[in-house]
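This briefing is meant to be read beside the sequence and the coordinates. It goes through the fold topic by topic, so that each point can be checked against the residues concerned.

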Amino acid sequence: MAVVTGESLKSELDMFDIACQDDTILDKMVEQCICNRIQADEMVLEWVAYSTTKNGLKLTTDTLEYFEHEVLNKKNKSKQSFKKEETHNRTRDIHSLQDLIKAEEEEENLLDAYSTPAKGSQKRALTTPEHPHSKRSVALLTSPGLLLSQASSSPSSTPSQKYSQRGAKGEVVVSFGAVQGTRWAGRKESGAGVQLELLEGPEDSLRCSYKYMFQRLRDVRNVLTEKIEELGEGLKAHFNIEEFSPVSLPAQDSITVLGQVCCDSNGKLNAHSVLLEAGPEQGGQQIPVDLSELKDYSLFPGQVVVMEGMNTTGRKLMTSKLYEGVPLPFFTSEVKMEMSEEPLNVLVACGPYTPSDSLTFDPLLDLINVIVRDRPDVCLLLGPFLDSKHEQIEKAQVTETFEAIFSRCVESIVDGTQSVGCRLVFVPSQRDIHHHFIYPQPPFSLPSLSKDQAQRVTLVPDPCTLLIDGVTFGLTSTDILFHMGAEEISCGTGTDRFSRILKHMLTQRSYYPLYPPVEEVNMDYEKYQSFGQMPLTPDVLVIPSELRYFVKNVVGCVCVNPGRLTKGQVGGTYGRMLIQRSAASDDGTRVSPCLAAQVVKI
């Protein structure tokens, strides 16, 4: 098969007097030729025949999308079905269509028996839907009044019945602080005068996309080594430790060693599979750890700890004492800031913003109504906005580009909250299908926003540390709670798992301290070292998760899991907080700026 290029397609189009000067259109046609295994002349002939039946349809990227659905995909499917039928006729004597279908199902079930089952045993479609939009649905694509219409993105326009029939709307499920008689509303002039910026400043923050998918193991090792050494210095200073001993050096006396917790295999960490891996200064070797003498501990892979114990043979450390990390100090500004008499109302919500059985954005529209009603000063909106795990997206039942759906989603939020004037902060997610699948994740790009709209919108990376009126907010949309909860082991700690994991994050000074990361997190360790660490202990840590919602005070940091706006086919929750920076108390102790917080059902 000859290589199809833009030049060959252009020459074929010139033969039919079809002018095409747009390289984007030619690139799209080249992509279609490659995907459907057809030559340039065959592609142009198919297009001419298709455009003729459509009364001379003009060649654009949009019309090429419909051409692909209505012509190329059907043609490709017919070729595949013919090949399957021919193969079956050679091996089996099948004379009826019902027998053929039954034989194909048996073959698929046999293949499934040798593969890892997916969630809900769903078979992911590798091709676009066989039945594209009707002419009426295609006409709706350009209607500006249907920004969040189901018909504009999916063949099915049926809203979710379970979501619309949900109960307990507006019910408060979690409360924190002085919520009695609290008025959950923003200041009189919402959004006006709110100081909102990235803590590190724009020049030291992750502002745009970067190249990834290439890492040397030596570079990853250097990042992990620096993490061990940096946290080790903090532990040494805090616990007054004179020096660390090599992990594999036999000693008859008790020694103190520094290292990173890891597992002795590819399986899940347990009490009998713990290894301690030291940095280069302590020998850089791994040694098994015996935890039987410890009365209480909480460990996870990637945790930097100091252990004290006996290692008489140099082959196993009998641990008698465990030193955990210490958190960084809180933010203190040298510049005196004026303190407002009214608290700041902050709303926080996390996607998905659609039910799992429909691509209607009804939950998002309900959230916009809540924003208009309560008039918060700042809205922290975390992804996913267009969930890669959505059933209709996994089955390729969307006939519009992901970028277009996301743009309409953001525009509806900006336009719907214009009367409120609140500040909007958008945080991307690893599950946003149109965005870069990398951690740390660069911020969204929204070139379609007007200058007036962009003044209210702040685009931040995942993770990030925000400074809002002198109060620091740590934000991450990655479900580290769920990831660490599956890996952590503990004994006799006396605290709930959420509090332990949150304390680990704060003491390990990282938004993602787990190593190795779970398979769904594509980590770039060079950027992680620069943008994945906590520069300080935030006043408020927003950490949405699939796990149950909560608001907790952990080592002075108020940690909020607002839940997700939708949970499957039913409605979920969002969070709201009242924030006010305050001076220290009379005895000099720090006072948390989070006056009150709630988690509310949508």
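The model is a predicted one. Its protein chain contains 15 helices and 22 strands, and buried residues make up 48% of its 602 residues. Of the contacts between residues at least 6 apart in sequence, 72% join residues that are at least 24 apart.

**The open sheet**

- An open sheet is built from 7 strands, which follow one another in the order E1-E22-E21-E9-E10-E11-E12 with mixed pairing.
- Its edges are formed by strand E1 (172–177) and strand E12 (457–459), each of which pairs on one side only, and the twist from one strand to the next averages 15°.
- Within this sheet, strand E9 (residues 344–350) and strand E21 (residues 573–579) are paired in the antiparallel sense over 5 bridges, and Val348 has Gly575 of E21 as its bridge partner.
- Helix H11 (residues 402–416) packs on the sheet, where it touches strand E10 (378–382), strand E11 (423–427) and E12, and the direction of H11 makes about 160° with that of E11.

**The closed barrel**

- A closed barrel of 5 strands, again with mixed pairing, runs E3-E4-E5-E8-E7, and here the twist averages 55° from one strand to the next.
- Strand E4 (residues 274–277) and strand E5 (residues 286–290) run antiparallel and are joined by 3 bridges, with Glu277 standing opposite Gln286 in E5.

**Helix H3 and its two faces**

- Helix H3 (residues 40–53) has 14 residues and spans 20 Å from its first C-alpha to its last, which is close to the 20 Å expected at 1.5 Å a residue.
- The buried residues in H3 are Ala40, Met43, Val44, Trp47, Tyr50 and Ser51; because they cover an arc of only 130° around the axis, they lie on the same side of H3.
- Leu45, Thr52 and Thr53 are exposed, and they sit on the face of H3 that is turned away from its buried side.
- Just after H3, Asn55 adopts a positive phi of about 60°.

**Helix H13 and its surroundings**

- In H13, the residues Ile480, Leu481, His483, Met484 and Gly485 are buried, and the buried residues of this helix pack against H14 and E17.
- The side chains of Arg500 and Glu488 meet in a salt bridge, with 2.7 Å from N to O.

- The structure holds 18 salt bridges, and one of them joins Glu70 to Lys54, with the closest N and O atoms 3.5 Å apart.
- Since Glu70 lies in helix H4 (residues 61–91) and Lys54 in the loop between H3 and H4, the pair ties together parts that are 16 residues apart in sequence.
- Glu70 counts as partly exposed, because its relative accessibility is 27%, and Lys54 likewise counts as partly exposed, at 28% relative accessibility.
- A further salt bridge is formed by the side chains of Arg431 and Glu546, at 2.9 Å from N to O.
- This pair links distant parts of the chain, 115 residues apart: Arg431 is in the loop between E11 and helix H12 (451–454), and Glu546 is in the loop between strand E16 (540–542) and strand E17 (550–554).
- Arg431 counts as buried, because its relative accessibility is 13% and the cut-off for buried is under 20%, whereas Glu546 is partly exposed, with a relative accessible area of 35%.
- Arg431 and Glu546 also belong to a network of salt bridges in which they are linked with Asp387, Arg564 and Lys567.

How values were computed. Residues numbered from 1 in each chain as written. Predicted model: local features only at pLDDT ≥ 70, side-chain atom pairs only at ≥ 80, totals over all residues. Heavy atoms only, no water. Pairing = 2+ DSSP bridges. Helix = DSSP H or I, 4+ residues; strand = E, 2+ residues; numbered from the N terminus. Axes fitted to C-alpha atoms, helices over the stretch in contact; angles between N-to-C directions. Contact = heavy atoms within 4.5 Å. Expected span 1.5 Å × (residues − 1). Buried < 20%, exposed > 50% of the residue type's maximum accessible area, 1.4 Å probe, protein only. Arc of directions from axis to C-beta. Salt bridge = Lys/Arg side-chain N within 4 Å of Asp/Glu carboxyl O.
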